[in-house]
Amino acid sequence: MADTERAVVMRNKIADYLKVDDTFELMGTGFTSLNESPSAQTDSTTYINESSSSTDITGYETEFSYEANHIPSQKAITALWKDGRNHLTGADAQHEYVRVDLYNPVGTASDTKAEYMARKFIVANEVSDYEGDGGGKNSVSGTLHAVGDPVLGKFDTVAKAFTEGTFEGTYDA
């Protein structure tokens with residue numbers, strides 16, 4: 001019998017989608033890493049009657065660093081690469097991005113829907129490198145910088161649709 005109290009979330013249980021031409025495209029094949037760094041911002045104060053400081057979380061500067069082999073048929077990779085190739089800036093380099101917790105389904109086991117807890121971000125794409133050595137694969141790497149706060153909701157992996165709202169997932173109950 002599996003010990004669910006010690007079960008670690010595997011990376012393949014988190015799905016990432018980038019909106020390309022009005023369709024959310026899975027950021028799967030070709031991506032070798034896609035990591036989240038919430039980067040909490042803090043404010044610390046030491047009061048006159050205390051020797052230790054008190055720290056508050058004042059916000060977040062969330063980033064998602066990525067590396068991918070450049071596979072032209074993968075629409076998400078091509079969209080990210082084009083931002084750097086074409087030197088896009090401002091709103092032209094922004095995308096809708098959804099991070100889906102595949103380990104946290106919405107609803108019950110009897111539901112036939114493929115809905116999972118998710119967060120939607122607007123991200124600004126910073127392409128850092130496009131490289132490849134002679135005879136090797138070309139790769140693109142960069143960082144998706146969150147613009148504003150994430151929107152909480154659920155994502156249907158079949159319909160590829162995000163719904164904003166407060167939902168309960170199996171692990172959130």
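Hi everyone, let me start with the helix. In helix H1, which covers residues 75-85, the buried residues are Ala 76, Ile 77, Thr 78, Ala 79, Leu 80, Trp 81 and Asp 83. Buried here means under 20% relative accessible area, exposed means over 50%, and partly exposed is in between, with a 1.4 Å probe and protein chains only. Just after H1, His 87 takes a positive phi of about 55 degrees.

A word on where this comes from. This is a predicted model, in which local features need pLDDT of at least 70 and side-chain atom pairs count only at pLDDT 80 or more, while totals for chains, interfaces and linings use all residues. Residues are numbered from 1 along each chain as its sequence is written, and side-chain values use heavy atoms, with hydrogens and water left out.

Now the overall picture. The chain has one helix and 10 strands. Helices (H or I, at least four residues) and strands (E, at least two) are DSSP runs, numbered from the N terminus. Reading from the N terminus, the order is β-β-β-β-β-β-α-β-β-β-β. The C-alpha trace spans about 65 × 50 × 35 Å along its principal axes.

How much of the chain is buried? Of its 173 residues, 29% are buried. The chain exposes about 11000 Å², and carbon and sulfur atoms supply 46% of that; these areas come from the Shrake-Rupley method with a 1.4 Å probe, and for residues only the protein chains shown count as cover.

Contacts come next, meaning heavy atoms within 4.5 Å. Among contacts in the chain with a separation of 6 or more, 62% are between residues 24 or more positions apart.

Let's turn to the strands after the helix. Strand S7 (residues 94-105) and strand S8 (residues 115-131) run antiparallel and are joined by eight bridges. For a pair of strands to count, DSSP has to find at least two bridges between them. Pro 105 stands opposite Tyr 116 in S8. S8 also runs antiparallel to strand S9 (residues 139-156), with 15 bridges joining them. There, Tyr 130 has Val 140 in S9 as its bridge partner.

Is Ser 141 buried or exposed? Ser 141 counts as buried because its relative accessible area is 14%. Leaving aside neighbours within four places in sequence, Ser 141 is in contact with Tyr 66, Glu 67, Glu 126, Val 127, Ser 128 and Asp 129.

A second residue to look at is Thr 62, in the loop between strand S5 (54-60) and strand S6 (63-69). Thr 62 is buried too, as its relative accessible area is 12%. Which residues does Thr 62 touch beyond its neighbours within four places in sequence? Thr 62 is in contact with Glu 36, Ser 37, Pro 38, Phe 121, Leu 144, His 145 and Ala 146. Thr 62 and Gly 148 are 86 residues apart in sequence, and their C-alpha atoms are 9.3 Å apart in space.

Finally, charges. The chain has 14 positive and 28 negative side chains, and the centres of the two sets lie 9 Å apart. Lys and Arg count as positive and Asp and Glu as negative, while His and the chain ends are not counted. Each charge is placed at NZ of Lys, CZ of Arg, CG of Asp or CD of Glu.

Side chains of opposite charge can pair when their charged atoms come close. How many salt bridges does the structure hold? The structure holds seven, where a salt bridge is a side-chain nitrogen of Lys or Arg within 4 Å of a carboxyl oxygen of Asp or Glu.

One of them joins Lys 19 and Glu 96, with the closest N and O atoms 3.8 Å apart. This pair links distant parts of the chain, as Lys 19 is in strand S1 (residues 14-20) and Glu 96 is in strand S7, 77 residues apart. Lys 19 is partly exposed at 26% relative accessibility, and Glu 96 is partly exposed at 24%.

Glu 96 also forms a salt bridge with Lys 120, the closest N and O atoms being 3.4 Å apart. Here S7 is linked to S8, where Lys 120 sits, 24 residues from Glu 96.

Another salt bridge pairs Glu 36 with Arg 99, again with closest N and O atoms 3.4 Å apart. Glu 36 is in strand S3 (residues 31-37) and Arg 99 in strand S7, 63 residues apart. Glu 36 is partly exposed at 26% relative accessibility, whereas Arg 99 is buried at 5%. Through shared partners, salt bridges join Arg 11, Asp 16, Glu 36, Arg 99 and Arg 119 into one network.
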